[in-house]
Amino acid sequence: MKISVINGSPRKENTTFMVEAFRQGAEAAGHTVEEIRVGKLKIGGCLACEYCHGDGNGQCVQKDDWEKVRPAFTESDMVVFASPIYYFAMTAQIQAAIQRMYCIMKPNATKAALLLSSMSPDVYAGAIGTYKGILGFTGIEDMGIITAKDPENSSEELKQQIIEFASKL
Ligand SMILES: Cc1cc2nc3c(=O)[nH]c(=O)nc-3n(C[C@H](O)[C@H](O)[C@H](O)COP(=O)(O)O)c2cc1C
């Protein structure tokens with residue numbers, strides 16, 4: 001499978017630790033993994049101008065870094081959303097990337113997973129609600145949700161858990 005990981009963190013710490021473990025397991029199982037680090041990309045929010053559904057024919061009126069994300073939605077078999085929790089949600093950057101999917105409406109991927117990192121426990125409902133909403137809307141199959149708070153989000157135990165999860169996809 002071709003797997004795209006959309007990483008919403010602007011830094012290479014806990015979420016990226018989880019993504020690297022995912023990559024290790026998935027690649028060992030023969031999958032290809034491409035990570036798109038949207039945390040530092042410049043992706044504007046959807047303007048709801050409907051250009052993409054009219055004259056734009058699937059293209060967005062905004063010419064920004066979303067074009068770097070588009071292939072993750074149009075060319076992969078599986079999309080993994082990976083993000084720190086910021087104020088009980090995924091980061092603004094990954095949410096912008098998700099909402100700009102409006103110009104293609106639905107990804108071609110048929111499978112998805114969610115990796116979330118936080119400081120506190122029990123802060124995942126908002127992000128999981130968004131993820132499950134997207135899956136319900138698109139018909140994409142959920143392969144799993146892994147959440148980890150500090151300090152477990154950089155532990156060897158978590159690494160092994162994610163490697164095992166990814167190697168069984
Ligand atoms: C702007 C901001 C908002 C945050 N909001 C929350 C929060 O609501 N709940 C929480 O548990 N952690 C929160 N955190 C902590 C991060 O989710 C946590 O440190 C996470 O592991 C960071 O992942 P990273 O190392 O991949 O950036 C916040 C951090 C930042 C910078």
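Two residues are taken to be in contact if their C-beta atoms, placed from the backbone, lie within 7 Å. A residue is buried if 20 or more other C-beta atoms lie within 10 Å of its own, exposed if 12 or fewer, and partly exposed in between, again with C-beta atoms placed from the backbone. Helices (H or I, at least four residues) and strands (E, at least two) are DSSP runs, numbered from the N terminus. The model is predicted: local features need pLDDT of at least 70, side-chain atom pairs count only at pLDDT 80 or more, and totals for chains, interfaces and linings use all residues. Residues are numbered from 1 along each chain as its sequence is written.

The parallel strands are described next. Strands count as paired if DSSP finds at least two bridges between them. E1 and E3 run parallel and are joined by five bridges. Within this pair, Ile 3 has Met 78 of E3 as its bridge partner. E3 also pairs with E4 in the parallel sense, over seven bridges. Here Val 80 is partnered by Ala 113 of E4. The chain passes from E3 through H3 to E4 in a right-handed β-α-β crossover. Right-handed means that, with the strands pointing away from the viewer, the path from the first strand over the helix to the second runs clockwise. E4 and E5 pair in the parallel sense over eight bridges. In that pairing, Ser 118 stands opposite Lys 149 in E5. The crossover from E4 through H4 to E5 is a right-handed β-α-β crossover.

Strand E3 (78-84) is mostly covered, with seven of its seven residues buried. Met 78, Val 80, Ala 82 and Pro 84 point one way from E3. Val 79, Phe 81 and Ser 83 point the other way.

Ser 118 lies in E4. This serine counts as buried because 21 C-beta neighbours lie inside 10 Å. Residues up to four places away in sequence aside, Ser 118 touches Pro 84, Ile 85, Val 123 and Lys 149. Ser 118 and Ala 148 are separated by 30 residues in sequence, yet their C-alpha atoms are 6.4 Å apart.

The helices follow. Helix H3 (residues 92-99) has six of its eight residues buried, so H3 is largely enclosed by the rest of the structure. The buried residues of H3 are Gln 93, Ile 94, Gln 95, Ala 96, Ala 97 and Ile 98. Their cover includes strand E1 (2-7), helix H2 (66-74), strand E3 and helix H4 (125-138). In H2, the residues Trp 66, Val 69, Ala 72 and Phe 73 are buried. These four cover an arc of only 100 degrees around the axis, which puts them on the same side of H2. The arc is that of the directions from the helix axis to the C-beta atoms. The buried residues of H2 are covered by elements including E1, E2, E3 and H3.

Asp 150 and Pro 151 are joined by a cis peptide bond, with omega about 0 degrees. Pro 151 is found in the loop between strand E5 (141-149) and helix H5 (156-167). Asn 57 is a residue other than glycine with a positive phi, near 45 degrees. Asn 57 sits in the loop between strand E2 (32-37) and H2. Asn 57 is exposed, with 9 other C-beta atoms within 10 Å. Met 105, also a residue other than glycine, has a positive phi near 65 degrees. The loop between H3 and E4 holds Met 105. Met 105 is exposed, with 12 other C-beta atoms within 10 Å.
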